[in-house]
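Today I am opening the notebook on one protein chain.

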Amino acid sequence: MDTDVIVVGKGIAGLVVSLLLKRKGIPHLLLDRSTARKQFTLGETLPPSALPLLQSLGLLDLFESNSLHRTRGYHSAWGSAAIADQNFFFHLPFQHGLKINKQSLEQDLKGLTSENILRFEKMTAIRLAEQGVTVELQNHQGPIVVRGKCLVEATGRNRAVLKLLGIASAEYDQLTAYSCLLPCTQHPKITHSVFVESFEHGWGIVSRLSDEVQVMSLFSRQCVGIHRELKDYSCWPAILSGTAHLRNFLSAGAGIRVVGGDAGSSQAAQLAGKCWLATGDAATAFDPLSSHGITNAVYTAHRAVEAIALHLSDSDEKHFREYAEFLSGIFATYLGTRYELYQRERRWPGAVFWIRQ
């Protein structure tokens with residue numbers, strides 16, 4: 001099975017790469033690994049600064065139609081117990097963000113690129129050569145061999161392709177997220193749908209999905225030593241007892257399930273090679289505090305497709321090299337901004353979480 005571009009990964013980054021390649025008429029296959037694992041619903045927010053990008057790519061209507069609601073700002077208690085209001089009113093040209101329904105967005109993107117999707121159960125090998133790349137797969141019908149001129153790694157934080165290629169990643173903060181769904185709680189001083197508060201062992205965020213449901217996520221690090229407690233919702237009241245506001249969003253209900261996952265800042269040691277490149281979280285993964293997750297997926301997908309189109313036209317590997325250098329520059333700037341933000345919180349100078357940040 002031959003094509004020009006092999007895209008591995010069915011998240012936002014991989015699907016947007018596929019859609020943009022399709023619009024350019026570039027032959028490609030999107031490899032979609034069959035899995036029975038259900039996604040946990042998170043209230044992922046796109047800030048107003050991301051909307052001009054979507055508009056320029058002709059994706060804004062698609063994202064608008066897959067949003068739970070518009071966001072007008074967010075509240076935070078960071079560096080003090082006082083509630084700060086970050087209002088989007090003065091952001092131009094868009095004065096709002098979007099609370100994205102990620103699952104429905106991915107389904108719609110799949111529908112737009114369905115003819116390019118090849119499902120598989122296991123990826124057994126990736127072989128790079130001067131002429132291109134070969135990917136060996138397995139599904140219920142037997143082995144499949146796919147050959148292409150270049151490859152896109154879009155498997156997210158898992159970085160399945162990079163692991164097969166033997167490429168490591170640099171981890172910067174080892175942040176872990178613990179999330180659960182709760183009944184929606186109204187707070188007299190919090191009008192926006194997103195609220196962030198720091199505490200001794202990390203920080204937390206409450207994001208309203210609807211009038212009935214909100215998602216709460218707590219972020220900490222393994223070295224803090226409360227990993228087991230964070231996995232058990234019954235321990236959350238004690239963990240958040242020192243917060244001024246976050247504790248008020250907790251519910252007394254029993255049987256609330258907590259889901260954990262990697263949320264740290266990380267970067268692949270190599271972002272591109274002669275015939276491949278990484279995009280989205282597989283390339284650079286951001287702290288959720290930045291709200292860069294989906295924006296990073298879309299922007300890097302766009303840059304990746306532009307680099308691929310140039311590479312296919314002249315076979316010059318400089319396009320992938322320049323792509324990698326550009327992404328590295330963005331990530332370096334992000335790390336500096338992240339450091340400055342965490343330095344603003346100085347209420348717990350001896351706490352392990354804040355010392356190591």
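I began with the second largest pocket: 13 residues line it, and Glu130, Lys149, Lys274, Cys275 and His311 lie nearest its centre. The elements giving two or more residues to this lining are β9 (122-129) and α8 (293-314). Its volume is about 270 Å³. For my own reference, a pocket is an open set of points on a 1 Å grid over the protein atoms alone, where a 1.4 Å probe fits, with protein on both sides within 12 Å along at least five of seven lines; lining residues have an atom within 4 Å of a point.

A note on the source: this is a predicted model, where local features need pLDDT of at least 70 and side-chain atom pairs pLDDT 80 or more, while totals for chains, interfaces and linings use all residues. Residues are numbered from 1 along each chain as its sequence is written, and side-chain values use heavy atoms, leaving out hydrogens and water.

Next I looked up aspartate 4, which sits in the segment before β1 (5-8). Aspartate 4 counts as buried because its relative accessibility is 18% (buried means under 20% relative accessible area, with a 1.4 Å probe and protein chains only). Leaving out residues up to four places away in sequence, aspartate 4 touches Ile26, Pro27, Gly148, Lys149, Cys150 and Leu312 (contact means heavy atoms within 4.5 Å).

The side chain of glutamate 197 reaches the backbone nitrogen of alanine 244 at 2.9 Å.

Methods. A polar contact is a pair of N or O atoms within 3.5 Å; within protein, one must be able to donate a hydrogen and the other to accept it, and residues adjacent in sequence count only if both atoms are side-chain atoms. Grid points are joined across faces, edges and corners, and a volume is the space filled by probe spheres set on the points. Helices (H or I, at least four residues) and strands (E, at least two) are DSSP runs, numbered from the N terminus. Buried means under 20% relative accessible area, exposed over 50%, partly exposed in between (1.4 Å probe, protein chains only).
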